[in-house]
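I opened the model to look up its core, its helices and its confidence values. My entries follow.

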Amino acid sequence: MCYGNFWPGTARCSTTCLSRPMTKNWRNHRESFRHGNLPEALIAAALQRLEDDGQEAISLRELSRDVGVNHRAIYRHFPDRLSLMARVAEEGWRLLGAKMRSAATSQKPGTRSLVAAGVALFVFARNRPNLFALMGGPNFQGRTKFPALDRSIGETLELLRQGFLAAGTSQDAALKQALIYASALQGIVGQILWKRYRVLPKNAEGEVGRICEMLIKGLR
């Protein structure tokens, strides 16, 4: 089952920056390739372009220039742009899951861990809005050919499910509550990022934490 289609599309994009020089990380990408890690180098280069310029700045030809290979070499690992973007989204889910897990495990299991995970999700989205948008945008909706992406999404949601179980939710209801919680957080995070839900930056994490508490209370 794919759970990845509930995040907001908040990516910034630019079609005028496709040939702009990469940042200092460009050399690291090329060095990674020299060590035989072309897929990893391409993903790192794609993440950099995504954060700098948005999804429209990513093309297989431009990424091949970033890592210093002929663009035909990319097709040995990624048959098309969509498959590469799915791998980038998968990496995003892994990064998000790690942030949420670290925050949750520092708190008492149950409500506190769920709140901490929710705030960590917001911080991740605020710091990496273009990646967050890609992770849940329409690109992969209804597709089943990216099982690794589905697994990384499921692992993140399993963290929330375990939190609801620790909070006293029944086995039957825990996954449903985790999905509702994640979907509601998606909406709140999107509204804050779009500045439709206006909150001072210094108060944003506290506000998200209070909203998380309200959501958890409502679901129980």
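I started with the largest nonpolar core, which has 59 residues. By nonpolar core I mean a set of buried Ala, Val, Leu, Ile, Met, Phe, Trp, Tyr and Cys residues joined through side-chain atoms within 4.5 Å. Buried is under 20% relative accessible area, exposed over 50%, partly exposed in between (1.4 Å probe, protein chains only). Leu 63, Val 88, Met 100, Phe 140, Leu 149, Leu 160 and Tyr 181 have the most contacts inside this core. I then listed the elements that give it two or more residues: α2, α3 (60–67), α4, α5, α6, α7, α8 and α9 (204–219). Helix α4 gives the most, eleven residues. Helices (H or I, at least four residues) and strands (E, at least two) are DSSP runs, numbered from the N terminus.

The model is predicted: local features need pLDDT of at least 70, side-chain atom pairs count only at pLDDT 80 or more, and totals for chains, interfaces and linings use all residues. Residues are numbered from 1 along each chain as its sequence is written, and side-chain values use heavy atoms, with hydrogens and water left out.

Next I checked Tyr 181. Beyond its neighbours within four places in sequence, Tyr 181 is in contact (heavy atoms within 4.5 Å) with Leu 114, Val 115, Gly 118, Leu 160, Phe 164, Cys 212, Leu 215, Ile 216 and Leu 219.

How many aromatic pairs are there? I found one. The rule takes rings of Phe, Tyr and Trp (its six-membered ring) with centres within 6.5 Å; planes under 30 degrees apart are stacked, over 60 edge-to-face, the rest tilted. Phe 164 and Tyr 181 pair edge-to-face, 5.5 Å centre to centre with 85° between the planes. Phe 164 sits in α7 (residues 147–166) and Tyr 181 in α8 (residues 171–193), 17 residues apart. Both are buried.

Thr 156 is also in helix α7. I noted 4% relative accessibility, so Thr 156 counts as buried. Its contacts beyond four places in sequence are Trp 93, Gly 97 and Met 100.

Then I turned to helix α6 (residues 129–136). Eight of its eight residues are buried, so α6 is largely enclosed by the rest of the structure. Those buried residues pack against α2 (38–53), α4 (81–105), α5 (111–127) and α8.

Last, confidence. pLDDT is the predictor's confidence in each residue, from 0 to 100. The chain mean is 84, and 82% of residues reach 70 or more. Over residues 1–24 pLDDT stays under 50, and the model has 76 contacts beyond four places in sequence for them.
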